[in-house]
Amino acid sequence: MKNKPLLTKEAIKRLINEVASMGGMWIRLTGGEPTLNPDWEEITKYIIKKGMAPMLYSNGNFYKRENTLKKILKYNWGEFRVTIAGSKQTHESLRIARTGIVNYDEVIKTIKTLSQNRVNLKVNYTLLKNNLCDVKKMIFEIKKISIETKNKIVFHIGPLRPFGIPKGIESLLPTAEDFFILSKLIHEIQGKLRKYLEVDYDFNLFDKQHKREIAPKMFNGDCCGVGKLALAVNCFGEIQICGIMGSNFYVPGIINMIKKEEKIFGKLGINKKNIFDYSNVIKDKFKDIWFKSKQFDFFSKYEKLQCKSCKNYLKNCKGMCPAMALYYSGNMRYGDKSCFKHLM
Ligand SMILES: C[S@@+](CC[C@H](N)C(=O)[O-])C[C@H]1O[C@@H](n2cnc3c(N)ncnc32)[C@H](O)[C@@H]1O
Ligand code: SF4
Ligand code: SF4
């Protein structure tokens, strides 16, 4: 890892140019904490200059960095996300960054400031077993801010995925039962939300009455968009099919799966050698990655076997998460244990 060259600012700008020339709409900066990167503002300006919307994921801690927060307020964000991990106690026990504990009160202060300044704001709630109990309280806490500031805030709930997390924390992965409880809770409180707050979530089954578009129609509603309308690039310029899966796990995982199912993938022209061709934006053209790479192509061609015969599929469920399936069963096509169909 130490010998790999990092993406330079120039390489990032080159990538932005390429994405813009191909009609890209958004670029999302994440990390680590992207606002600690001295180039975040220059990169943001460059994204805007190229006609795209910048997005950013932040831990929301601007203690003694009020100047950075002021600068943030100058830009028209396609989306600005701030992470919260539960009520004060849970948040501070879970959110430990390299720079120290991410202070809950500071995060709430940031959310208020952003909302007062009409930033297009999403609060990212990463769901773990031990913060499920805080969800309702936190939704209403954020609702209060949205009403006070008369600004719409989206409360986004995304489950913890078993990638890039410290050993032992796997026991905190939410189960199908947890998702089921949460899904019922959201539908119950949906009616109690006012126009300023919206609850959005990343897991699978939706209630029809919620009438949420389950996934982009242009891709038949399937998948989460990765490998179809978006891709992720890490700090070394390497392509990651899904931004959540770190390369440590997904490279051997995918190769193993392709080896086991050689016949199926052979028919699709995908094999363990070509799957990782065109995979670094430092050396490869973005256009080649998008159009020629098998790695990217892979997602549009594989099938979700787990969901194929399920009556919810593409009607009120976008299908299982390929990353979770790979983690649980070693195959991206089935085995996502967070599916709660059997509990309905
Ligand atoms: C990786 S963080 C980086 C950006 C920023 N520093 C922050 O704290 O939000 C982006 C978001 O991904 C979430 N996240 C991190 N690891 C995750 C995992 N293994 N599964 C699901 N979400 C995760 C975080 O909770 C956070 O909301
Ligand atoms: S089997 Fe697939 S489509 Fe059906 S509910 Fe589960 S995840 Fe959704
Ligand atoms: S593969 Fe799973 S974790 Fe990755 S972006 Fe899609 S739904 Fe999210």
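Tutor: Gladly. A crossing is left-handed if the near helix is turned anticlockwise from the far one by less than a right angle, and right-handed if clockwise. H5 passes H6 in a right-handed crossing. Helices here are DSSP runs of H or I with at least four residues, strands runs of E with at least two, numbered from the N terminus. This is a predicted model: local features need pLDDT of at least 70, side-chain atom pairs count only at pLDDT 80 or more, and totals for chains, interfaces and linings use all residues. Residues are numbered from 1 along each chain as its sequence is written.

Student: Why are H5 and H6 called roughly parallel?

Tutor: The axes of H5 (residues 104-116) and H6 (residues 135-149) cross at roughly 30 degrees and come within 9 Å. Angles under 35 degrees count as roughly parallel, over 145 as roughly antiparallel, 65 to 115 as roughly perpendicular and the rest as oblique. The pair is therefore roughly parallel.

Student: Which residues of H5 and H6 meet?

Tutor: Ile111, Lys112, Ser115 and Gln116 in H5 meet Ile145, Ser146 and Thr149 in H6 (contact: C-beta atoms, placed from the backbone, within 7 Å). Two of these residues are nonpolar, four polar and one charged.

Student: What does the radius of gyration of the protein agree with?

Tutor: With a compact globule, because 344 residues would give a radius near 20 Å and the protein has 20 Å. The radius is taken over C-alpha atoms, and the rule is 2.2 Å times the number of residues to the power 0.38. Those C-alpha atoms fill a box of roughly 60 × 50 × 40 Å along the principal axes.

Key. Chains are lettered from A and ligands numbered from 1 in the order in which they are written. Axes are lines fitted to C-alpha atoms, for helices over the stretch in contact, and angles run from 0 to 180 degrees between N-to-C directions. Two residues are in contact if their C-beta atoms, placed from the backbone, lie within 7 Å. Ala, Val, Leu, Ile, Met, Phe, Trp, Tyr, Cys and Pro count as nonpolar, Asp, Glu, Lys and Arg as charged, and the others, Gly among them, as polar.
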